[in-house]
Amino acid sequence: MADTPLLRLRGVTKAYPAVLANDAVDLDVMPGEIHAVLGENGAGKSTLVKIIYGSVRPDAGTVEWRGQQVDMQSPLKARDLGIGMVFQHFSLFETLTAAENISLAVPGSIAELSERIRAASAQFGLDVEPDSRVQAMTVGERQRIEILRCILQEPKLIIMDEPTSVLPPQGIAKLFETLRRLASEGIGIIFISHKLDEIKALCDTATVMRGGRVVGVVDAKVEDARSLTRLMIGRDIAAPSHAAQRGDGHAVLEAAGLNYTPLDPFAPALKDISLTLRSGQITGIAGVSGNGQDALTRALAGEILQGPQDAGTIALDGVALGADTPDQRREKGLHFVPEERLGRGAVPIHTLSENAGLTTHHAGLVNWGMVKLGKRRALAQETIDAMDVRCGGPDATAQSLSGGNLQKFIVGRELALRPKVLIASQPTWGVDVGAAAAIRQKLIDLRDEGAAILIVSEEIEEIFEICDTIQVMFRGRLSPPVQVQTTSIDDVGLAMAGDFDALALKECAHV
Amino acid sequence: MSRLVIEARPERSVWAPIQVSLLAVFLTCLGGSVLFMIYGVSPLKGLDAIFIDPLRTSYGIGEILLKMAPLLLIAQGLAIGFRAQIWNIGAEGQLIVGAIAATALAIQFQGTTSPLLLPAMVLAGMIGGMCWAGIAALLRAQFNANEILVTFMLTSVALQLLYYLIGGPMRDPGGFNFPQSIRFDPAAKFPILIEGTRVNASIFIGLAASAIAVVFVQRSFVSYKMSVGGIAPAAATYAGFSSKKAIWLALLISGGAAGMAGVGEVSGPLGMLQRNISPGYGYAGIIVAVLGGLHPIGIIFASALMALVYVGGDFALLSVGVPNAVTGIFQGMLLTFYLACSFLLTSRIRWIKPDDLKQEAMAD
Ligand SMILES: Nc1ncnc2c1ncn2[C@@H]1O[C@H](COP(=O)(O)OP(=O)(O)OP(=O)(O)O)[C@@H](O)[C@H]1O
Ligand SMILES: [Mg+2]
């Protein structure tokens, strides 16, 4: 039965009020095939896989599972048939532990599952601590749980919607090994990613979407990143231009001797961190997520204040920020783009207008305690235009946007007020190649205006592309800064595994 | 083997909240009909007695407005907190403390004809309610004590306080030891609006509160911050909106509103402080807030409906002879059906037919 597709879609169509998200889409996935679905932000990829998984109902079209037409009414049905999915936005319960979350989808007692989770996380290189609570986890860890939960269900078809966006390079290599092995056992895989080299490395076939339609089904092995890009967005994209550092490079934000001990024993602490962000300079923090980056960005942004037992100071333009709240810091010009966009960077059920006010209200949006609705709306519209956010306008809810488009909106909102200091966590997470290049260019432009920028990213390539200096974070410690020109991806990779000397030695050699 | 599944609804309509309210009212009528049949009353006659009869006379309408005043005020206050996920369910207690505070002034200034007495009493009632709710706010903000439990338990305390005061310090010295205060002077009472009814000017406080609530909810930055905190706490932390402030505001506003509602009772139909100052307005206010979809305009309609049920229950007692517990049952049904229906708003229940499963089995 090798020629019966595992899954066959014909003419799948789904209209939303503002857009036709899927327009007569056909898709065949054979057993053992790793099938990529790619396209720009908002092309309709997530919508398509949600239809396959039964969480969105199509307006028209048919779904065949192993040659039988089925009505995919619900995720329950999809799971019964043997379809597993890793969602682009997480679907974990915050107050439960990793093992408890997995037990909701996989049968077995918590104790048994914990064993299986430990075994599987070692086997697949997906570090997950079964007893720790999701609440305290970074997006990288959450992503690993989602993937593990899916694999432990032993599905026949695995759907992964941007699973690698927050995984470190080693994690990605391990994941690919796992996926290849599963495929060789006859399992079909649908893989969505904006990273074209990943698609080339992993996938057999690629279905390319644009504006809800399939614009090509190609052999992923013969295409290259450039030809795929052209298929996807219809043009080539320019790499961001990165002029030499400007300005006098005076220190804008200085953190010294920062320590933080979280209440949750599983959450990473901060140990004696010192960091200086300079005007006209982009500093990149590389490292596997879960090594304290989250606590560091929160501490800088003012979301967590150090307890009495924790020492350390953060100063902006030489003035200590002390107990300033995040909005007080924003008023002083320190803005922050968090990694989770739905629920933290934006309120899901609020409109884009309302979300525009979340972090910009101090810029004349509030008068006598009343929000200036017109002005807020205008700001949302400006952000939408500036970032080319594809959506139904300022009145669209945040949750109706595709993941990448919401990310563009949030980055645009924080850029709109021309901050003095910008801290961005995974700024291009889930953003398509064209838009990622645009966001990186905007960050570089902001730097050229003299802003001090901190980028936290697990994508080493991104850090090397736009940063001036690099620091690596490992188990709550931060390496000393090194110039990008004087280091290599390999050295940073070593430092990410804890060997800070790999960086430091190089630095000495060049002095 | 077939089975029932519950799953999230993929899409939601804008009109759904209104549909849910109307559906809840409809189901309550159905449930009420069953109730009437059990009592051997024709359902049509029974429903007529509850929902239509009170609207036939100006007296009935006056009674509805009279009951609507406290419900409206309490529900508008509660809804502000509920939208921020801060659950004050002790409005009944705050109402009592507000009534006590106002009564203290009425006793102190007995015999005065000053037009300032009534406004001062309203203010005192508001402050009394705020203080009572403020205890819960303090415990929640400082010690993270659950405000649902604290406000609820404080209601019992308020009741005991009331019993103590009218049995002693606030008892009418010339009242033959009846547990009640003096009769208020005219200066301490709301003026009657319509001759021949009991409806008084306190309804204007409820209407003014509704108007303020509309502006507050749609325009004010404070309300925006509170709603972010309620819907997405992580986003509120990220933005830097203080959850403590939201807790204080939510509880003080709702407590103050309930306290003023208490003044409306003692300075209105009762004219004195006594053991029973509220037929459960504080709890009914919760139902009104929820039934109104936590929206200021919706709450106006919901409070009118709830007041109608109160008055209709009394009418039904007289005209068709069902016990007036029917009021409580109707209120309960309204809330239960509303909650059930709004669950259906976000989720759906489906019956998976055996056929589908067979198909799945074949595919396997
Ligand atoms: N619930 C919804 N309501 C309204 N519009 C929606 C909804 N979900 C998706 N859309 C719209 O459908 C289009 C396709 O969205 P989809 O999430 O499938 O894109 P995508 O290809 O996955 O993009 P990304 O790469 O950014 O994740 C977008 O224009 C989006 O705004
Ligand atoms: Mg998507």
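This is a predicted model: local features need pLDDT of at least 70, side-chain atom pairs count only at pLDDT 80 or more; totals for chains, interfaces and linings use all residues.
In which strand of chain A does A:Ser425 lie? The residue belongs to β19, which covers residues 421-425 of chain A. With a relative accessible area of 4%, A:Ser425 counts as buried, because buried means under 20%. Leaving out residues up to four places away in sequence, A:Ser425 touches A:Phe336, A:Val337, A:Pro338, A:Glu339 and A:Val456.

A contrasting position in chain A is A:Gly450, which is placed in the loop between α14 (433-448) and β20 (452-456). A:Gly450 is partly exposed, its relative accessible area being 30%. When residues up to four places away in sequence are not counted, A:Gly450 touches A:Ser279 and A:Gly280. From A:Ser193, A:Gly450 is separated by 257 residues in sequence and by 33 Å in space, C-alpha to C-alpha.

The account now turns to a sheet in chain A. Six strands make up this open sheet, in the order β6-β7-β8-β3-β9-β10, and their pairing is mixed. Its edge strands are β6 (83-86) and β10 (213-219) of chain A, each of which pairs on one side only. From one strand to the next, the twist averages 15°.

β6(A) and β7(A), the latter made of residues 157-161, pair in the parallel sense over four bridges. Within β7(A), A:Met160 is the bridge partner of A:Val86. β7(A) also runs parallel to β8 (residues 188-192) of chain A, to which five bridges join it. There, A:Ile189 in β8(A) is the bridge partner of A:Ile158.

How many of the residues of β7(A) are buried? Five of its five residues are buried, and the strand is described as mostly covered. A:Leu157, A:Ile159 and A:Asp161 point one way from β7(A), while A:Ile158 and A:Met160 point the other way.

Helices of chain A lie across this sheet. Helix α5 (residues 139-152) of chain A lies across β6 and β7 of chain A and runs at about 175° to β6(A). Helix α8 (residues 225-233) of chain A lies across β3 (34-39), β9 (205-210) and β10 of chain A, running at about 35° to β9(A).

A:Glu162, which is located in the loop between β7 and α6 (169-184) of chain A, has a positive phi of about 55° although it is not a glycine. A:Glu162 is buried, with a relative accessible area of 6%. In chain B, B:Gln85 likewise is not a glycine, yet has a positive phi of about 60°. B:Gln85 is found in the loop between α3 and α4 (91-108) of chain B. Its relative accessible area of 42% makes B:Gln85 partly exposed.

The interior of the model may be considered next. In soluble globular proteins, nonpolar side chains tend to be buried together. Here the largest nonpolar core has 97 residues, and among those with the most contacts inside it are B:Phe51, B:Leu71, B:Ile74 and B:Met121. Helix α3 (residues 58-83) of chain B gives the most to this core, contributing 12 residues. Apart from its neighbours within four places in sequence, B:Ile74 is in contact with B:Ala91, B:Leu95, B:Ala258, B:Ala261, B:Tyr281, B:Gly282 and B:Gly285. A second, separate core of 48 residues includes A:Val288, A:Val337, A:Leu422 and A:Val472. One of these, A:Val337, is also among the residues touched by A:Ser425.

Finally, which residues come nearest to ligand 1? Of the 20 residues around ligand 1, those are A:Lys45, A:Ser46, A:Thr47, A:Ser402 and A:Gly404. An oxygen atom of ligand 1 is 2.5 Å from an N or O atom in the side chain of A:Thr47. Polar backbone atoms also take part in such pairs: an oxygen atom of the ligand is 2.7 Å from one of A:Gly404, and an oxygen atom of the ligand is 2.9 Å from one of A:Gly44.

Methods
Residues are numbered from 1 along each chain as its sequence is written. Chains are lettered from A and ligands numbered from 1 in the order in which they are written. Side-chain values use heavy atoms; hydrogens and water are left out. Two strands pair if DSSP finds at least two bridges between them. Helices (H or I, at least four residues) and strands (E, at least two) are DSSP runs, numbered from the N terminus. Axes are lines fitted to C-alpha atoms, for helices over the stretch in contact, and angles run from 0 to 180 degrees between N-to-C directions. Contact means heavy atoms within 4.5 Å. A nonpolar core is a set of buried Ala, Val, Leu, Ile, Met, Phe, Trp, Tyr and Cys residues joined through side-chain atoms within 4.5 Å. Buried means under 20% relative accessible area, exposed over 50%, partly exposed in between (1.4 Å probe, protein chains only). A residue is near a molecule or strand if one of its heavy atoms lies within 4 Å of it. A polar contact is a pair of N or O atoms within 3.5 Å; within protein, one must be able to donate a hydrogen and the other to accept it, and residues adjacent in sequence count only if both atoms are side-chain atoms.
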